[in-house]
Amino acid sequence: MMVSSKDYIKFIKSHHCLVCGRTPVDPDHLEHLGMGGANKGGLKDFSCVPLCRMHHRFRHDAGIEKFEKDYNINLWKEAFNLIRKYFTQ
């Protein structure tokens, strides 16, 4: 089964923000792309979670630990649940 990271990004964008439920969302990469977008084969796209622009910006400013504590959320667990949902739909 050939899996496209571009299709996965579309899947992420079809969801609501994990925090506030707003749309549209940004695909927030938990595994950072870094400057220049090092994303060999699109693999890092599978670490995305849907966050609205406001929460996406806050997550980058605050860092994962503070964000998860402030919003009582486990972003890696959410990312795993989204991947599982994507492959079982």
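Buried, in what follows, means under 20% relative accessible area, exposed means over 50%, and partly exposed is in between, with a 1.4 Å probe and protein chains only. The model is predicted, so to speak of local features we need pLDDT of at least 70, side-chain atom pairs count only at pLDDT 80 or more, and totals for chains, interfaces and linings use all residues. Residues are numbered from 1 along each chain as its sequence is written, and side-chain values use heavy atoms, with hydrogens and water left out.

Salt bridges, then. I count one when a side-chain nitrogen of Lys or Arg is within 4 Å of a carboxyl oxygen of Asp or Glu. The whole structure has three.

Start with Arg-53 and Asp-26, whose closest N and O atoms are 2.6 Å apart. Arg-53 is in helix α2, residues 53–62, and Asp-26 is in strand β1, residues 26–29, so this pair ties together parts 27 residues apart in sequence. Helices (H or I, at least four residues) and strands (E, at least two) are DSSP runs, numbered from the N terminus. Arg-53 is exposed at 51%, while Asp-26 is buried at 12%.

Next, Asp-28 and Arg-59 form a salt bridge at 2.7 Å, N to O. Asp-28 belongs to strand β1 and Arg-59 to helix α2, so parts 31 residues apart in sequence are tied together. Both Asp-28 and Arg-59 are buried.

That leaves Asp-70 and Lys-66, at 2.8 Å, N to O. They sit four residues apart in helix α3, residues 64–71, about one helical turn. Asp-70 is partly exposed at 39%, and Lys-66 is partly exposed at 43%.
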